[in-house]
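This report describes the fold of one protein chain, moving from the whole chain to its annotated regions and then to individual residues. Please keep the sequence and the structure in view while reading.

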Amino acid sequence: MAGGNERSMKALKEVWKRVENSLCADCGKPDPDWASSTLGVFICLSCSGIHRNIPSISKVKSLKMDYWDDAQVQFLAKHGNAVTKAIYEAHIPIYYYQPNYNDCQVLREQWIRAKYERKEFTEPGKQLPYSDGMKEGILWKRGRDNGQFLPRKFLLSEREGCLKYFTKHDAKEPKINVKIDVINATFQPEKIGNPNGLQITYLKDNKTRNIFVYHESGKEVVDWFNAIRSVQFHYLKVAFPIASDNEIKNRLTRNFLKEGYMEKTGPKQREAFKKRWFTLDHRRLMYFKDPLDAFAKGEVFVGSGENGYSVQKGLPSGTQGNFSWHYGITIVTPDREYLFTCETENDQLEWIRAFTSVINQAMTPQEYAIEAYFKFKS
């Protein structure tokens with residue numbers, strides 16, 4: 001810490017080491033070493049960069065390298081993460097997604113701007129752009145066949161319990177009309193190639209369909225994301241009236257457990273292994289020829305250990321199919337074994353951890369129904 005007298009340095013360290021200030025106030029990352037001298041919060045390096053982009057609201061300084069005068073240290077001591085959160089996070093809707101340090105930039109930036117710049121959560125009952133059960137607007141959607149992003153009108157309705165999109169702004173009938181309870185939304189900036197890229201998935205005839213969209217405005221795309229969560233929340237409150245708010249919150253949009261390339265072989269286990277893009281969405285393991293395909297080429301149900309599912313490192317001895325990657329994984333189900341290979345040992349271990357986390361969880365009644373469908377289909 002450059003400059004400053006010993007008294008200020010000692011006082012700063014005392015405030016800094018308070019338990020309430022041990023995690024970043026915005027993303028929860030441990031050991032934040034920056035702070036806002038105008039808001040009084042302790043934040044990580046990444047979030048400090050976002051604060052720096054709203055200088056009218058927040059002035060940030062390093063706790064290790066910058067000089068803090070007595071008045072600034074006293075301000076931090078008077079505030080800190082707990083006091084400031086009590087002001088700026090007083091009335092967050094239960095369905096609003098609060099990002100962590102693993103989430104993408106647009107989610108974290110709009111969370112910070114919503115709190116401090118727009119003050120969306122300081123008053124009860126405040127009208128928010130994602131809270132009235134209806135949202136209509138333009139999103140740029142990737143064409144299923146040509147891969148081009150074109151503007152499409154989207155309509156989200158809590159009253160109808162659905163999400164629609166139209167190929168033309170004045171079209172009378174939607175291209176799709178999807179029930180809100182089968183929709184998931186997750187940010188995919190790297191996959192889509194846009195910092196505001198959002199992947200919307202839904203079930204059609206119990207098969208997963210992908211829609212890839214973005215909006216030039218980070219605020220607008222995050223508003224769409226939270227509007228979907230809002231409509232889902234209120235729909236599920238009606239569908240499951242005895243469930244607690246937290247139980248329903250846990251059933252809203254979810255990030256995929258794991259994605260990436262693996263090689264796979266067919267059911268006879270003698271075919272050549274082919275490189276495919278895999279997505280593990282809880283108990284659905286889907287594989288695609290291309291990460292941006294609208295439909296999966298196939299899906300595998302991953303059940304629980306108590307129902308005969310397991311994951312094993314390596315391939316069965318005598319595996320005949322040709323493969324170029326040598327870090328094998330075997331998924332054992334009651335009906336057959338699925339064989340995969342990974343490019344690196346690290347990929348192999350990460351996939352095994354993801355599969356194990358699913359297999360170790362007991363199945364819900366709804367998941368038993370999905371398992372029955374997969375068995376019937378095969």
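## Overall architecture

The protein chain has ten helices and 17 strands, and the model that shows them is a predicted one. Along its principal axes, the C-alpha trace of the protein chain spans about 75 × 55 × 45 Å. Of the 378 residues in the protein chain, 48% are buried, while the chain exposes about 18,800 Å², of which carbon and sulfur atoms supply 50%.

Among contacts in the protein chain with a separation of 6 or more, 53% are made by residues 24 or more positions apart. A search of the whole structure finds zero disulfides.

## Annotated regions

The UniProt record, an unreviewed entry, places "domain: Arf-GAP" at residues 6–129. This span is 40% helix and 6% strand, and its end C-alpha atoms lie 48 Å apart.

From an unreviewed entry of UniProt also comes the feature "domain: PH", placed at residues 132–233 and 255–360. Over residues 132–233 the chain is 20% helix and 46% strand, with 12 Å between the end C-alpha atoms; over residues 255–360 the chain is 14% helix and 38% strand, with 19 Å between the end C-alpha atoms.

## Strands S6 and S7

Strand S6, residues 162–166, is joined by four bridges to S7, and the two strands run antiparallel. Strand S7, residues 176–179, has a covered face formed by Ile176 and Val178 and an uncovered face formed by Asn177 and Lys179.

Cysteine 162 has lysine 179 of S7 as its bridge partner. With a relative accessible area of 4%, cysteine 162 is buried, because the cut-off for that class is under 20%.

An open sheet is formed by seven strands in the order S14-S13-S12-S11-S17-S16-S15, with antiparallel pairing. Its edge strands are strand S14 (298–301) and strand S15 (310–313), each of which pairs on one side only. On average, neighbouring strands of this sheet are turned by 35° against each other, direction ignored.

Within this sheet, S11 and strand S17 (residues 337–342) pair in the antiparallel sense over two bridges, and the bridge partner of glutamate 263 in S17 is threonine 341. Cysteine 342 is buried, with a relative accessible area of 0%. Helix H9 (residues 345–359) lies across S11, S12, strand S13 (284–288), S15, strand S16 (327–332) and S17, and runs at about 160° to S15.

Aspartate 281 is placed in strand S12 and is buried, at a relative accessible area of 7%. Not counting residues up to four places away in sequence, aspartate 281 touches Asn184, Arg254, Phe256 and Met286.

Glutamine 232 is found in helix H7, residues 218–239, and counts as buried at 4% relative accessibility. Leaving aside neighbours within four places in sequence, glutamine 232 is in contact with Ile180, Ile183, Leu252 and Thr253.

## Loop residues

Most residues other than glycine have a negative phi. Lysine 119, by contrast, has a positive phi near 50°; its place is in the loop between helix H5 (105–117) and strand S4 (134–142), and with a relative accessible area of 40% lysine 119 is partly exposed. Histidine 282 also has a positive phi, near 55°, and lies in the loop between S12 and S13, where histidine 282 is partly exposed with a relative accessible area of 24%.

Is lysine 268 buried or exposed? At 59% relative accessibility, lysine 268 counts as exposed, because the cut-off for that class is over 50%. Lysine 268 lies in the loop between strand S11 (258–264) and strand S12 (274–281), and the C-alpha atoms of lysine 268 and alanine 90, which are 178 residues apart along the chain, are separated by 58 Å.

Key. Residues numbered from 1 in each chain as written. Predicted model: local features only at pLDDT ≥ 70, side-chain atom pairs only at ≥ 80, totals over all residues. Heavy atoms only, no water. UniProt positions renumbered as here; feature names shortened; annotations may be inferred. Disulfide = S-S within 2.5 Å. Buried < 20%, exposed > 50% of the residue type's maximum accessible area, 1.4 Å probe, protein only. Pairing = 2+ DSSP bridges. Contact = heavy atoms within 4.5 Å. Areas by Shrake-Rupley, 256 points an atom, 1.4 Å probe, with all protein chains shown as cover. Axes fitted to C-alpha atoms, helices over the stretch in contact; angles between N-to-C directions.
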